[in-house]
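This report goes through a structure in a few steps.

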Amino acid sequence: MKRKHKRLTFAGIGLGLLAVAAALVLTAFEDSIVFFHSPTDVADGKVEIDRRIRLGGLVETGSVQKQADAVTAFRITDGANVVSVTYTGILPDLFREGQGVVTEGRLMGEQFVAEEVLAKHDENYMPPEVADALKKSGRWQEGSDKQHPADIPVTTKDSYK
Amino acid sequence: MLNYFANPRRFMKLSGILTPWMAGATLILAGAGLYLGLFASPADYQQGETVRIMYVHVPAAWMALFCYTGLAISAAVGLIWKHPVADVAARASAPIGACFTFLALFTGALWGKPMWGTWWVWDARLTSMLVLFFLYLGYMALNSAFDDPQRGTKASAILAMVGFVNVPIIKFSVDWWNTLHQPASILRMDGPTIHPDMLWPLFLMIGAATTYYLWVLMLRMRRDLTEGRVRARRQIQAEEAGA
Amino acid sequence: MDTISKFLEMGGYAGYVWPSYLAVFGLLGVLLWLSLRGLKAAETDLAQLEGPDGKAARRQASPAADGAPDT
């Protein structure tokens with residue numbers, strides 16, 4: 001009985017210390033665990049110029065311009081700040097205005113030159129008809145998480161195929 | 001309660017009754033989940049038909065964490081209270097959890113390529129999931145690395161408990177840091193953000209994965225305990241022959 | 001016929017959707033088969049050891065499980 005309690009205390013203290021250590025390490029490495037920076041980080045000068053970084057946010061509505069030679073120009077916003085981006089190449093299927101995006105490249109002055117563009121979608125899943133109905137009624141728009149599809153009554157079950 | 005289930009004989013009796021039920025539940029849940037997931041559920045408004053990968057990806061990822069939690073608890077119970085069945089349960093959980101973790105990573109890559117535009121990124125969620133896979137492999141290697149199986153059980157149990165810090169890191173990585181992976185859709189404060197028509201096949205498949213785990217877990221534990229009896233009998237025979 | 005090929009196409013994402021399902025059901029199937037086979041082998045070994053006088057042998061063996069197959 002005595003030894004059992006000793007082992008239990010030992011394991012408890014060990015795990016507690018381990019959790020503290022893990023928390024400290026993760027806090028210390030916070031900057032490198034962050035997968036991308038926001039336009040606000042850029043505006044605050046937290047991002048190193050001429051170094052390869054990732055910049056993420058929403059593609060600003062109305063900002064996408066397809067230029068010649070597969071060049072696309074668009075702006076990334078986080079609601080507070082905006083950064084202009086150019087990218088040469090094929091965009092992922094989910095790249096759309098108002099959608100999340102993570103780009104990798106270099107900041108050249110005010111302009112971010114992306115070498116890679118990844119789409120970051122939101123955590124909402126619903127049938128297209130429901131999304132359309134929600135957008136039409138103005139209760140929800142892409143890129144906002146004010147409205148959850150689960151709150152919406154099921155509409156048409158037989159119209160999927 | 002712990003003492004009750006720690007008796008190998010009682011476990012064999014109970015698992016003998018439960019195993020066929022788990023098998024039946026797995027087949028029924030997976031059948032219903034597959035029907036709803038592949039035929040009767042809609043495509044997603046932005047991800048199209050690739051949303052169907054969710055019905056295998058999310059259960060695999062969920063089971064990767066669930067199996068590890070079961071493994072770590074069993075290992076702790078085995079280490080602290082010296083219950084033999086707990087050690088057997090921990091050892092039997094590891095390969096199942098490793099398979100689920102691999103499948104979560106594999107189906108995630110197949111989903112990430114068409115939707116995100118990449119098979120793999122080193123963001124916090126994906127990286128911590130890869131660490132989980134290596135924890136499973138490390139546990140299995142350490143468990144069988146010693147000539148004295150007791151020492152292997154002890155060493156691997158400590159690894160399993162230490163590695164448990166990774167489980168909350170995986171779960172909350174999408175909230176704590178910027179990741180390419182989207183935040184949680186099911187287990188969140190304000191309820192799921194998945195349309196009910198897609199949530200049902202997902203729940204059925206998660207249920208099927210859970211009963212599959214319990215089914216295979218009991219099969220593997222029964223094998224371990226039976227092999228233990230075979231070894232004990234062989235030893236008795238050898239002693240009788242020697243005497 | 002048209003609906004079947006349309007279903008198999010998965011909106012152009014067949015190359016991602018079907019390998020996912022194949023991997024999941026394939027790997028889990030193999031793991032289940034290995035686990036079943038291992039249990040059967042262990043049970044056969046035990047039955048052989050206990051032999052025709054299994055009952056008598058069992059009494060003096062450890063009071064552990066009965067090892068009866070569940071099918």
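In chain C, 34% of the 71 residues are buried, buried meaning under 20% relative accessible area, exposed over 50% and partly exposed in between (1.4 Å probe, protein chains only). The model is predicted, so local features need pLDDT of at least 70, side-chain atom pairs count only at pLDDT 80 or more, and totals for chains, interfaces and linings use all residues. Residues are numbered from 1 along each chain as its sequence is written, and side-chain values use heavy atoms, without hydrogens and water.

Chain C has three helices and zero strands, helices being DSSP runs (H or I) of at least four residues and strands (E) of at least two.

Rings of Phe, Tyr and Trp (its six-membered ring) pair if their centres lie within 6.5 Å; planes under 30 degrees apart count as stacked, over 60 as edge-to-face and the rest as tilted. Two of the pairs are listed here.

| Pair | Centres | Planes | Type |
|---|---|---|---|
| A:F74 and A:F95 | 4.9 Å | 65° | edge-to-face |
| B:F133 and B:F134 | 6.1 Å | 40° | tilted |

A:F74 lies in strand β3 of chain A and A:F95 in the loop between β4 and β5, so their pair ties together parts 21 residues apart in sequence. A:F74 is buried at 2% relative accessible area, and A:F95 is buried at 11%. B:F133 is buried at 17%, whereas B:F134 is partly exposed at 49%.

One aromatic cluster is formed by B:Y35, B:F39, C:F7, C:W18 and C:Y21.

Definitions and conventions: Chains are lettered from A and ligands numbered from 1 in the order in which they are written.
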